[in-house]
Amino acid sequence: MSAEKTLNLTLKVWRQKNNNAKGSLETYPVKDISPGSSFLEMLDILNGGLIEKGESPVTFDHDCREGICGSCSLYINGEPHGPARLVTTCQLHMRSFKDGETIYIEPFRAKAFPVIKDLMVDRSAFDRIQHAGGYISVNTSGNTQDANSIPIEKENADEAFYSAACIGCGACVAACKNASASLFVAAKVSQYALLPQGKVEAKDRVLNMVKQAEKEGFGPCSNTGACEVECPKGISIENIARMNREFLSASISK
Amino acid sequence: MSKLDSKIPNGPLKDKWTNYKNNINLVNPANKRNIDVIVVGTGLAGGSAAATLAELGYNVKAFCYQDSPRRAHSIAAQGGINAAKNYQGDGDSTYRLFYDTIKGGDYRSREANVYRLAEVSTNIIDQCVAQGVPFARDYGGLLDNRSFGGVLVSRTFYAKGQTGQQLLLGAYSAMNRQIAKGKIQMFNRHEMLDVVIVDGKARGIIARNLVTGEIERHSAHAVVLGTGGYGNVFFLSTNAMGSNVTAAWKAHKKGAFFANPCYTQIHPTCVPVHGTEQSKLTLMSESLRNDGRIWVPKNLKDAEGVRNGTLKPTNIKEEDRDYYLERRYPSFGNLVPRDVASRAAKERCDAGYGVVANDTNEGVFLDFAAAIQRYGSEEALVKGISNPSQEQVTALGEKVIENKYGNLFDMYKQITDDNPYKTPMRIYPAVHYTMGGLWVDYNLMTNVEGMYAIGEANFSDHGANRLGASALMQGLADGYFVLPYTIGDYLANDIRTGKISTDSPEFEAAEKKAKDEINKLINNNGTKKVDYFHKRLGLIMWNKVGMARTTEGLNEAIVEIAALREEFYKDVRVPGTADELNQELEKAGRVADFLELGELFARDALEREESCGGHFREEYKTEDGEALRRDDEFAFVSAWEYTGKPSDAILHKDKLEFENVELKTRSYK
């Protein structure tokens with residue numbers, strides 16, 4: 001571990017003081033990075049140096065640093081969450097990079113994700129899509145029926161789980177040339193559509209959530225599949241197909 | 001007479017909660033519309049409370065520092081949630097869950113609270129399933145269970161290794177429904193900086209908008225803190241980077257007693273430290289101990305060989321391995337409670353048997369080879385393969401393990417670059433959860449009227465050690481099923497109060513104080529970044545207030561932390577300004593509070609002259625090294641009253657009465 005060869009890198013980082021300011025890529029060298037360090041620890045080291053020099057550190061979203069909260073983002077060398085598959089930026093380790101490499105670090109870009117500062121963007125549009133129907137209307141009473149009263153086929157339960165694994169990071173939007181939120185919306189629609197508890201409100205849900213996504217300024221889906229490739233949780237585009245079926249049937253019958 | 005009244009209802013244990021609910025004051029629906037409640041934190045406790053209070057009709061203002069309530073750190077909980085459903089028919093019951101929790105907590109929690117927790121646990125599962133939480137199911141379509149440490153039944157419900165995420169998304173969806181209706185006003189990227197007390201009652205908070213830097217006043221008839229634990233006082237922990245004690249600590253400084261700050265859970269199975277630039281530690285779920293066997297080499301030279309890379313663990317013969325948990329605790333084996341497993345790992349590593357080449361050789365093996373073979377043979381039988389080859393068995397077994405723990409194995413591989421299917425994981429204990437927190441009564445109210453603390457932020461249910469899969473249970477129990485009743489009883493007196501003004505001198509003063517503290521940090525012009533101080537605090541805590549504590553070490557820690565705090569205020573550098581998004585400023589404020597809490601934490605550990613649960617004093621152990629409790633003198637909750645200097649706090653003893661269980665020496669042998 002300590003004997004591993006360290007990395008010297010050149011970083012090109014998007015700096016933007018606030019939403020109204022004009023941004024630009026700035027160049028920063030970083031030295032002696034351990035391959036066992038995480039990508040965000042590498043940025044911590046960069047920031048430590050900037051603070052010591054009296055410069056402003058780079059702002060980026062991060063929290064759990066174990067790939068589950070969905071806070072971290074970053075468009076690294078042209079890919080959301082960087083070159084490794086099925087991981088978030090916080091789980092990306094420096095062993096994925098070579099000594100001497102230049103790394104481009106930009107924010108997730110989409111009209112519906114305005115930049116707040118540097119690499120931090122506003123993803124509250126995702127919250128508003130969920131307000132439009134991402135729930136089952138059941139009150140907390142303590143008197144709902146017993147959890148085992150409705151058996152759910154294991155296959156459907158597992159599928160619902162895989163859809164529910166979405167962490168709401170927005171990589172799908174950043175990866176998409178249309179900045180479409182289809183994979184995100186489809187994952188939520190699918191989770192509920194696959195469970196008996198979710199079926200009652202299924203039609204209104206899909207119509208309202210899709211409508212809200214359009215209203216937020218996310219683009220349409222043109223089935224390139226880039227979202228699936230970049231999704232850190234491996235959410236399948238089959239979810240989009242399911243959403244489209246749900247949407248079509250809801251549109252006809254409503 | 002102590003200032004503390006735990007307000008435990010009279011009557012037999014099993015009837016207390018029912019009787020209580022039958023006799024409290026209720027608020028009629030029309031009046032609820034005129035009552036405001038602030039909920040700080042949107043994890044399982046805060047999120048479920050905000051949703052439920054809004055459903056009931058109160059106007060809720062909810063706050064979180066993250067960019068969305070869905071990102072609170074409950075989301076990272078992996079293994080599962082306990083409930084006394086007894087779906088497995090293995091002898092579980094409300095009483096048994098209660099008993100296991102009291103015993104697991106080393107007899108330092110309150111009977112009535114714990115019994116209520118066990119009682120409502122079953123409702124949680126019903127509620128979550130109704131919300132669409134995709135729990136794991138068996139082939140018959142019914143809910144599956146697994147086993148966790150410190151118990152002999154399978155009562156843990158789970159959703160792969162992402163149970164916390166699924167439960168939190170359930171609570172978040174319930175919140176979304178109320179946000180859409182305008183019943184919850186959500187404040188993302190807001191951090192609470194102080195609580196405002198008017199005429200002795202909590203009536204609002206001061207919060208900073210983290211995007212604009214604006215300091216805001218928010219009023220309400222009651223304030224609920226669901227702000228989580230303070231494990232980050234150790235710098236390295238499994239908590240999220242932003243997890244902090246600020247809300248609870250500011251409440252403490254405004255009069256709320258802080259209970260049992262020294263009760264910290266050091267979780268046995270985390271990925272070991274790799275270097276000085278490490279920013280956090282990652283947990284490997286306790287559920288892995290269902291199938292993983294923990295061991296170190298029996299011979300010192302083998303341990304050394306593993307550390308310097310000349311010996312592969314898989315080449316160490318079975319008879320040269322020390323499965324020390326199975327050896328020391330034959331009846332619970334690898335599933336002993338967390339505190340016991342952590343101390344046992346430390347004992348082996350201190351003795352030189354550690355297997356990780358970091359500064360302190362801290363690491364032990366968690367090995368799945370036996371489970372892979374066992375499952376593989378089982379699968380071969382099920383699939384009708386006669387005389388399967390070794391390779392076939394291994395492949396089949398690995399598949400089973402992948403289905404159960406796939407995402408955890410992937411995460412481990414990502415961090416360490418090691419393949420845990422082929423070679424044992426290396427793990428070591430790390431700070432994970434804090435059982436201590438704000439003192440609350442049976443109503444979950446602190447000693448400040450109208451201020452409530454729920455979930456990990458309070459002290460009440462886990463005593464000196466929390467059992468696995470019980471944090472999620474407590475968070476949701478408090479938020480969905482307990483607080484909504486108890487807060488109503490209090491708010492029934494507020495139906496004629498009307499809107500609380502934010503123009504009062506109390507709000508004025510609290511806002512000014514918050515601004516002054518920020519300006520002090522911004523204008524400090526020191527030379528060292530915030531992390532420099534946080535890391536040093538963490539080292540003091542880990543070395544002197546960690547898994548093994550001594551009088552000498554604790555006394556030193558108190559002095560060192562106070563000195564470090566002084567140095568912090570002399571020399572910290574916070575770049576940027578107060579009126580912009582400033583992550584270093586956010587960190588500085590949190591670390592300033594950790595530097596105070598750490599001192600009280602060490603004092604609490606010093607005063608508790610016994611060993612119990614996660615609190616282990618070297619001076620108080622049995623002949624075979626187990627924790628030695630001193631019930632005659634220490635069967636109480638330490639509730640600390642702030643007086644100015646953190647370690648000069650006044651101790652109030654909230655005596656623990658055990659009427660339903662007999663205090664025994666905890667044994668897992």
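How many Å separate the centres of domain 1 of chain A and domain 2 of chain A, taken over C-alpha atoms? The separation is 28 Å. The model is predicted: local features need pLDDT of at least 70, side-chain atom pairs count only at pLDDT 80 or more, and totals for chains, interfaces and linings use all residues. Residues are numbered from 1 along each chain as its sequence is written, while chains are lettered from A and ligands numbered from 1 in the order in which they are written.

**Domains of chain A**

- Domain 1 of chain A covers 7-116 and domain 2 covers 123-139 + 150-253; such bounds come from an automatic or database domain assignment.
- Between these domains, 18 residues of domain 1 of chain A are in contact with 17 residues of domain 2 of chain A (in contact: C-beta atoms, placed from the backbone, lie within 7 Å).
- On the side of domain 1 of chain A that touches domain 2 of chain A, ten residues are nonpolar, five polar and three charged. Ala, Val, Leu, Ile, Met, Phe, Trp, Tyr, Cys and Pro count as nonpolar, Asp, Glu, Lys and Arg as charged, and the others, Gly among them, as polar.

**Strands of chain A**

- Strand β1 (residues 7-15) of chain A runs parallel to strand β5 (residues 102-106) of chain A, and four bridges join them. Strands are DSSP runs of E with at least two residues, helices are runs of H or I with at least four, and both are numbered from the N terminus; two strands pair if DSSP finds at least two bridges between them.
- Opposite Thr10(A) stands Thr102(A) in β5(A).
- β5(A) also pairs with strand β3 (residues 75-76) of chain A, in the antiparallel sense, over two bridges. Here Tyr75(A) has Glu106(A) as its bridge partner.

**Helices of chain A**

- Helix α2 (residues 124-131) and helix α7 (residues 202-216) of chain A pack at about 150 degrees, with their axes 8 Å apart. Axes are lines fitted to C-alpha atoms, for helices over the stretch in contact, and angles run from 0 to 180 degrees between N-to-C directions.
- That angle makes α2(A) roughly antiparallel to α7(A) (under 35 degrees is roughly parallel, over 145 roughly antiparallel, 65 to 115 roughly perpendicular and the rest oblique).
- Ala125(A), Arg128(A) and Ile129(A) of α2(A) meet Met209(A), Gln212(A), Ala213(A) and Glu216(A) of α7(A).

**Contact between the chains**

- Chain A gives 66 residues to the contact and chain B gives 67.
- On the side of chain A that touches chain B, the largest share, seven residues, comes from α1(A).
- This side of chain A has 24 nonpolar, 28 polar and 14 charged residues.

**Chain B**

- Helix α5 (residues 111-131) and helix α13 (residues 471-491) of chain B pack at about 85 degrees, with axes 9 Å apart. The two helices, α5(B) and α13(B), are therefore roughly perpendicular to each other.
- The contact of α5(B) with α13(B) has nine nonpolar, four polar and one charged residue.
- An open, antiparallel sheet of three strands has the order β6-β7-β8 in chain B. Its edge strands are β6 (190-198) and β8 (215-219) of chain B, each pairing on one side only, and the twist averages 25 degrees from one strand to the next.
- Five bridges join strand β7 (residues 201-209) of chain B to β8(B). Arg208(B) stands opposite Ile215(B) in β8(B).
- Helix α14 (residues 505-522) of chain B lies across β6, β7 and β8 of chain B, at about 145 degrees to β6(B).

Note on methods: Contact = placed C-beta atoms within 7 Å.
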